[in-house]
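Take a look at the chain below.

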Amino acid sequence: IEDILKLMKSSNIGIEINTSGLTRFPAKDFIPDKQVVQAYVHLGGDIITVGSDGHKLSDSFSGIVEAYKMLESIGVHEVTVFEKRQPVKVRIRQG
């Protein structure tokens with residue numbers, strides 16, 4: 001995993017935290033899990049997106065707050081969103 005994360009960092013490729021594993025899939029955890037995200041951050045990765053992989057309205061935004069809390073627990077205070085295919089950093093907590 002570390003070699004993949006290093007390649008992602010050196011290629012300026014971000015990581016997406018998918019929250020669907022919390023409720024809809026057997027993982028009962030983020031995909032990838034906290035340890036993988038933490039390793040990515042430790043290697044200098046800073047392009048992090050969060051998504052619920054919602055295929056129906058009831059799944060939309062499910063687990064997003066939990067993902068933000070997890071990120072803050074490992075010292076990450078921004079996520080990346082894309083506007084016109086360009087990465088933009090957004091603070092998790094405003095104010």
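A residue counts as exposed when its relative accessible area is over 50%, and as buried when that area is under 20%. Keep in mind that this is a predicted model.

**Helix 4 and its two sides**

Helix 4 covers residues 64–73, and its buried residues are Ile 64, Ala 67, Met 70 and Leu 71. These four sit on the same side of helix 4, because they cover an arc of only 120° around the axis. Turn to the other side of helix 4: Val 65 and Lys 69 are exposed there.

What do the buried residues of helix 4 pack against? Their partners are strand 1, helix 3, strand 2 and strand 3.

| Element packed against helix 4's buried residues | Residues |
|---|---|
| Strand 1 | 15–18 |
| Helix 3 | 34–42 |
| Strand 2 | 48–51 |
| Strand 3 | 78–83 |

Just after helix 4 comes Gly 75, with a positive phi of about 90°.

**The whole chain**

The chain has four helices and four strands. From the N terminus, their order is α-β-α-α-β-α-β-β. The radius of gyration is 13 Å, close to the 12 Å that the globule rule gives for 95 residues, so the chain is as compact as a globular protein of that length. Its C-alpha trace spans about 35 × 30 × 25 Å along the principal axes.

Buried residues make up 29% of the 95 residues. The accessible surface comes to about 6300 Å², and carbon and sulfur atoms account for 55% of it.

The chain carries 12 positive and 12 negative side chains. The centres of these two sets lie 3 Å apart.

Definitions and conventions. Residues are numbered from 1 along each chain as its sequence is written. This is a predicted model: local features need pLDDT of at least 70, side-chain atom pairs count only at pLDDT 80 or more; totals for chains, interfaces and linings use all residues. Side-chain values use heavy atoms; hydrogens and water are left out. Buried means under 20% relative accessible area, exposed over 50%, partly exposed in between (1.4 Å probe, protein chains only). The arc is that of the directions from the helix axis to the C-beta atoms. Contact means heavy atoms within 4.5 Å. The radius of gyration is taken over C-alpha atoms; the globule rule is 2.2 Å times the number of residues to the power 0.38. Accessible areas come from the Shrake-Rupley method with a 1.4 Å probe; for residues, only the protein chains shown count as cover. Lys and Arg count as positive and Asp and Glu as negative; His and the chain ends are not counted. The place of a charge is taken as NZ of Lys, CZ of Arg, CG of Asp or CD of Glu.
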